[in-house]
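Here are my notes on the side-chain contacts, as promised. Have the structure open while you go through them.

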Amino acid sequence: MFELIRTYQLNLMLMLSGMCGLTAFFVWLMVNTSVKRRIILFSLEIGAMLLLIADRYAYIYRGDTSSLGYVMVRASNFVVFFMTLFVTLIFNFYLEDLYTDEGGLKKKPRRLKAVSFILLAGIVMLIVSQFTGFYYYIDEANIYHRGPGVLVSFVFLYASVIIQLSVIIQYINRISRGISVSLFLFSCLPLLAGIVQFFTYGISLINITMVATIEIVYVFALLDMSRRLLELNDKEVEYFREEKEKMDHMFKQTAEALASAIDAKDSYTRGHSARVAEYSEKIARLAGKSEEECEEVYYAGLLHDVGKIGIDDHIINKNGKLTDEEYAQIKRHPVIGRQILSSISESPYLSIGANYHHERYDGRGYPEGLKGDDIPEIARIIAVADAYDAMTSKRSYRETIPQQMVREELVKGIETQFDPKFARMMLHLLDMDEEYMMQERDEMKGLAGRNEVVSEERRSAVSEGIMLDPAITKISLRCEPSENYRTGNWGPTFLIFDSLDGRTHEKDGKDKEMIYYVYGEIDHDLSVNDEGVRKSKVTKTKDEKSTVLGAKGSAYELEAVKYRDHVMITICDGDEREQVIFALPDSTRYAYLGLTGEHCRIYDVQIEKNEELVGKDYIPRIAEEISFIDGPEGDIPNVQIDGWRTAASQGVEISGNMEINLHSMSLPTARLLWHCPFVILYYSEDGMMGGPGFKEFALTRMDGEGWEMHEGVVSKISVNKDEEFDGWDVWKAKQKAGVECVVKVQKKDNTVTVLTINEGITLKSITRIDVETPKIYMALSGDQCALTNIQIKKKD
């Protein structure tokens with residue numbers, strides 16, 4: 001191996017010296033480091049380059065007795081010894097700079113200062129040796145020979161390197177691991193090479209190794225600099241991100257404060273702007289808008305009514321009907337809003353939303369009477385959200401409108417007041433809002449915000465209804481007599497009822513509007529009133545585990561659950577346990593439990609709902625389920641859907657062209673447009689709705705609505721009303737009487753076209769399914785409807 005190095009060491013020296021020169025050039029061009037560090041690294045590379053050039057010339061001119069050879073041998077050997085000490089000295093300066101900069105030392109280590117003196121002393125001794133031959137001498141044949149003091153020359157070098165190594169070890173944790181590795185290599189490898197070179201004369205192992213490690217030092221210094229630059233860049237990015245978040249937060253707070261100031265002008269619109277912003281953002285997300293676009297829609301919705309600042313308070317807060325002059329004043333608020341917000345030039349969408357949110361899709365809006373797509377998109381979104389919140393918020397002349405009625409108004413406003421695309425998205429949001437959370441959430445009757453109900457006269461106060469469903473609801477409460485009533489008949493009553501808004505309406509005259517219906521009640525003495533159900537069953541037992549909690553009043557524990565048309569309520573009062581089962585009039589209705597009573601205060605109410613749902617056998621059936629599907633059966637079984645998609649037909653694999661004919665009838669409780677059949681496209685491993693691997697692709701409703709239900713699916717829907725369509729009220733009446741429906745399905749590659757025909761409403765849905773699926777199935781479902789005589793024909 002050493003012979004190989006001896007043979008090619010001149011070429012190796014040339015290559016390494018060239019690398020050092022090129023590296024020195026790049027070091028000089030570095031702008032991302034200090035001038036001092038750049039000078040040190042440049043000097044280190046130049047010194048290494050001169051060291052190898054001199055060493056190479058020393059070998060080339062060795063034994064050359066010419067005048068040039070005479071000079072070159074002496075000069076090159078001196079430069080080799082000098083540059084070895086010089087490079088070590090520059091490396092020492094590098095260590096000092098490194099530990100006071102990245103290492104964080106306030107002062108340079110004393111040992112490194114001592115190394116500088118040792119190396120300077122070594123240079124002095126080198127100069128002296130040129131006149132004494134102490135380190136080396138050149139004979140008459142112009143050949144280099146080691147002198148008697150050559151070991152002394154190694155002492156200066158090795159002592160310096162060993163001291164440097166001790167400093168590197170002591171402060172190893174102050175600098176990065178990569179830099180530490182390069183420093184170790186520079187200190188250790190030349191030491192080992194020197195030992196080997198002492199016994200292998202004629203090979204410049206020390207110089208070659210030193211120069212190679214210098215290149216390693218440069219590489220690791222470059223990597224470390226890149227790392228620190230990246231860290232600095234990350235810190236800058238993080239700083240600007242935090243600053244942006246602060247600015248965004250400040251903007252949001254300012255916008256919210258301004259919106260609150262606007263809403264405060266009218267006691268009946270508090271929170272309106274924030275809700276419109278929230279609903280608008282949801283529509284934008286459903287429309288596939290980017291995060292930035294959704295944010296713009298949110299803030300435009302938040303400030304859409306800013307122009308009301310310029311409208312007189314007495315007009316905004318007027319309870320009665322506005323005069324023509326007052327209405328003209330109200331209609332100025334979009335223009336005023338535009339004027340206020342147009343000064344925010346970096347956010348032009350704010351003034352656009354304010355100016356155009358009262359435009360109508362049919363062109364009958366204000367202030368400019370724009371029509372269709374001429375209305376800016378952001379304003380078309382806000383218009384839907386604004387109208388929805390107006391209907392679902394309390395006003396001086398009315399309570400909030402039930403969600404079902406709101407939904408019907410939105411349907412009627414499609415293509416007249418609203419953009420069909422965004423109106424249908426709002427309708428989709430309503431369908432997903434099963435608990436009606438998208439409404440004004442102010443204080444309600446009974447328990448809302450107070451956790452107690454005080455009822456003096458019988459049922460004079462009733463809590464907001466607690467919805468019952470197949471998940472068991474557990475309720476615990478305490479009850480005590482009213483403050484001024486300590487004797488006589490007192491105690492709680494548990495009212496079971498249904499209404500559109502989940503509240504009782506016995507005294508406000510809204511029982512018909514809210515379709516309020518009382519199933520029955522369970523009194524504090526555990527007597528039962530079952531006037532509104534088909535049948536009831538009461539079972540009383542002793543419960544030794546239950547105790548009366550506290551001497552002041554009674555404690556009650558309830559479990560309530562609803563499965564289809566049966567409700568079961570179990571009540572524990574002290575050692576009495578009563579189980580009540582009600583068979584409701586049908587399976588389509590909801591059931592709420594209200595807390596009320598007589599001469600009592602109900603308090604400490606705790607409500608907990610299980611996550612698991614009960615099965616069909618959990619409540620013992622006491623009455624046969626009412627069926628509306630006893631008519632003729634077609635190719636697949638009839639299906640009765642009592643609520644939103646509570647049941648579905650047998651799945652049918654779609655292939656080629658198909659036609660489905662069926663009889664549909666809305667159930668007696670149906671009252672809304674979407675109480676009709678649905679067509680669902682999906683996949684599952686067993687072909688059944690909800691089966692293993694279930695993926696739902698699209699839903700089409702026969703009232704003219706539909707949407708995609710899966711990522712990678714795109715649906716386009718068109719609706720046509722022909723001369724048979726006599727208005728929605730007539731259409732609903734026909735659905736209730738029973739109608740014949742036609743569904744045509746065509747599958748070509750990954751595109752499925754569904755055409756439904758139902759009493760003058762023709763709906764065409766084209767669904768492209770860019771999802772890998774072996775098969776596509778179709779099933780019929782709906783809401784409060786019965787589907788019978790389902791005939792399936794496959795066509796070529």
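The points below cover aromatic pairs, charges over rings and salt bridges.

1. Before anything else, keep in mind that this is a predicted model. Searching the whole structure turns up 24 aromatic pairs, and the count for salt bridges is 34.

2. Start with Phe-81 and Tyr-135. Their ring centres are 6.2 Å apart and the planes sit at 25°, so this pair is stacked. Phe-81 belongs to helix α3 (residues 67–101), while Tyr-135 is in the loop between α4 (110–132) and β1 (136–138), so the contact ties together parts that are 54 residues apart in sequence. Phe-81 counts as buried at 17% relative accessibility, and Tyr-135 is buried too, at 2%.

3. Next, look at Phe-154 and Tyr-158, an edge-to-face pair with 5.9 Å from centre to centre and 80° between the planes. They are 4 residues apart in helix α5 (residues 150–170), so about one helical turn separates them. Phe-154 is buried at 17% relative accessibility, and Tyr-158 is buried with a relative accessible area of 19%.

4. For Arg-38 the ring is that of Trp-28, with 6.0 Å to its centre; for Arg-589 the ring belongs to Tyr-517, 4.8 Å to its centre.

5. Which residue meets Arg-37 in a salt bridge? Asp-97 does, at 2.5 Å from N to O. This pair links distant parts of the chain, with Arg-37 in helix α2 (residues 35–60) and Asp-97 in helix α3, 60 residues apart. Arg-37 is buried, with a relative accessible area of 5%, and Asp-97 is buried at 7%.

6. The salt bridge between Glu-278 and Lys-282 (3.5 Å, N to O) stays inside helix α8 (residues 272–286), where the two are 4 residues apart, about one turn of the helix. Glu-278 is partly exposed at 35% relative accessible area, and Lys-282 is partly exposed at 31%.

7. Glu-480 and Arg-601 also form a salt bridge, with 2.9 Å between the closest N and O atoms. Here strand β5 (residues 471–481), which holds Glu-480, is linked to strand β14 (residues 600–613), which holds Arg-601, and the two residues are 121 apart. Glu-480 is buried at 6%, whereas Arg-601 is partly exposed at 25%.

8. Finally, have a look at the salt-bridge network that links Arg-534, Arg-564, Asp-565, Arg-621, Glu-625 and Asp-642.

Conventions
Residues are numbered from 1 along each chain as its sequence is written. This is a predicted model: local features need pLDDT of at least 70, side-chain atom pairs count only at pLDDT 80 or more; totals for chains, interfaces and linings use all residues. Side-chain values use heavy atoms; hydrogens and water are left out. Rings of Phe, Tyr and Trp (its six-membered ring) pair if their centres lie within 6.5 Å; planes under 30 degrees apart count as stacked, over 60 as edge-to-face and the rest as tilted. Buried means under 20% relative accessible area, exposed over 50%, partly exposed in between (1.4 Å probe, protein chains only). A charge sits over a ring if NZ of Lys or CZ of Arg is within 6 Å of the ring centre and within 35 degrees of the ring normal. A salt bridge is a side-chain nitrogen of Lys or Arg within 4 Å of a carboxyl oxygen of Asp or Glu.
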